[in-house]
Amino acid sequence: MNDRFVIKRYLNIALILFWTLAGTMVVSLLHGKYMDEVVVYLIIDLIFMALFLFVLEHNRMHKSISSNKETTFRRILHGYMISWMLVLISSFMPEFLKPMLAIPLVMAAFSTQGIAICVGMFLSTILCLISGSAIHEMVLYTLFILFGCMLADALEESRFKLWCELAILAISTTLPALFYYLAYRETKMSLLLFGALEGLVIDIFLHLFYMRAVDEKEAEISDTLDDMLDESYPLCRELKNFSKADYKHAKRVSRLSGKCARLVGADERLSAVAGFYYRIGILEGESIVSGGIRIAQRECFPEDVIRIISEYNGEQELPSTIESAIVHMVDGLMKKLELFDEDMMSSGWNQNMVIYQTLNDFSTQGLYDKSGLSMNMFLKIREYLVNEEALL
């Protein structure tokens, strides 16, 4: 089976490991560390990376990383590279003034909050160890990481953006001065000034970079869905080679699901893609549901597509979204119509009776009770399918 995403995933993982080891080496050399100390830091890197990569793979298998609106491995790599650049810059900064608050914001823009916390805590710890920071400075940066992740979550909503920027400015200004006082029992006005400047720089970063990175999450999912409907897509070609009949069925379900979704204001592209790959589990030669989930996860399908595939035919889970309900309706109807020969379906009256009976049966069984599909939507879709001349 063509698993084109696996090679890219492993390449990104290898680059994350490379950046970790190379970054630690560079920072260690900048601080004049002896070779035995560097070896210890590298061992710590390897232990962290072993656990971190396990967490990444675990999240991927549980649909948190699968070319969805949160993150991909490529985006994690980009955020990780930028974070290490911030660490290198921080290594030249005075104590208590390292811009560690920016790291969780960067990682959250490219990934999830959980990943942002893991990366932020590790990078701040390794930097403090190499630079010989006091316990007060380490605690300060730990708070920066936690506060940064909390603010990143709120930044997703534009109405909170100004408040988050003010909070970043206040945190950057006050906390370094407070922790410096706890460490040395004295105050420095320069800490307040440089802390405020650091907060302003981070706020500028938010305006120029953060929201653009968040918007790219939305664009990326659209590009991925477009690629998946292209006939040159490897899995699309494989389904076509596997069975012409199943390929035609998938094309029909995809086309009609997209039209039905547009009719009721649902996600047209998602419905079309999920409709095409709804029965992709047949390639595994066993349960369509479990096989489909396994293929979708291996191929890094978007999370919403995986969810719809996992709800195939309501066997394990009932449709949980409008798009899932639409795909279920169209797939079930197409399977019913394809059972009859052309002579039986030559009469429009016969076909309409099959459509009415099939869709009404789905509705009365309560299959769409959890999907959010209203009765008005159901009736619109049913009427469209009845009047559609090119169902087959």
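Me: At what angle do helix α5 and helix α6 pack, and how far apart are their axes?
Reply: This is a predicted model, where local features need pLDDT of at least 70, side-chain atom pairs count only at pLDDT 80 or more, and totals for chains, interfaces and linings use all residues. Residues are numbered from 1 along each chain as its sequence is written, and side-chain values use heavy atoms, without hydrogens and water. Helices are DSSP runs of H or I with at least four residues, numbered from the N terminus; axes are lines fitted to C-alpha atoms over the stretch in contact, with angles from 0 to 180 degrees between N-to-C directions. For α5 (residues 113-131) and α6 (residues 135-155), the angle is about 160° and the axes are 10 Å apart.

Me: Which term describes how α5 and α6 are directed relative to each other?
Reply: Angles under 35 degrees count as roughly parallel, over 145 as roughly antiparallel, 65 to 115 as roughly perpendicular and the rest as oblique. The angle here is about 160°. The pair is therefore roughly antiparallel.

Me: How do the residues in the contact of α5 with α6 divide by class?
Reply: Contact means heavy atoms within 4.5 Å. Residues of α5 including Ile-117 and Met-121 meet residues of α6, among them Tyr-141 and Ile-145. Ala, Val, Leu, Ile, Met, Phe, Trp, Tyr, Cys and Pro count as nonpolar, Asp, Glu, Lys and Arg as charged, and the others, Gly among them, as polar. The division is nine nonpolar, four polar and one charged.

Me: Which element gives the largest share of the lining of the second largest pocket?
Reply: On a 1 Å grid over the protein atoms alone, a pocket is an open set of points with protein on both sides within 12 Å along at least five of seven lines, a cavity is a set where a 1.4 Å probe fits but cannot get out, and lining residues have an atom within 4 Å of a point. The second largest pocket holds about 330 Å³, and 15 residues line it, with Leu-86, Pro-99, Glu-198, Val-201 and Ile-202 closest to its centre. Its lining has 14 nonpolar residues, no polar and one charged. The largest share, six residues, comes from α8.

Me: Which helix gives the most to the lining of the largest cavity?
Reply: The volume of this cavity, the space filled by probe spheres set on grid points joined across faces, edges and corners, is about 60 Å³. At least two lining residues come from each of α10 (244-264) and α11 (268-276). With three residues, the helix that gives the most is α10.
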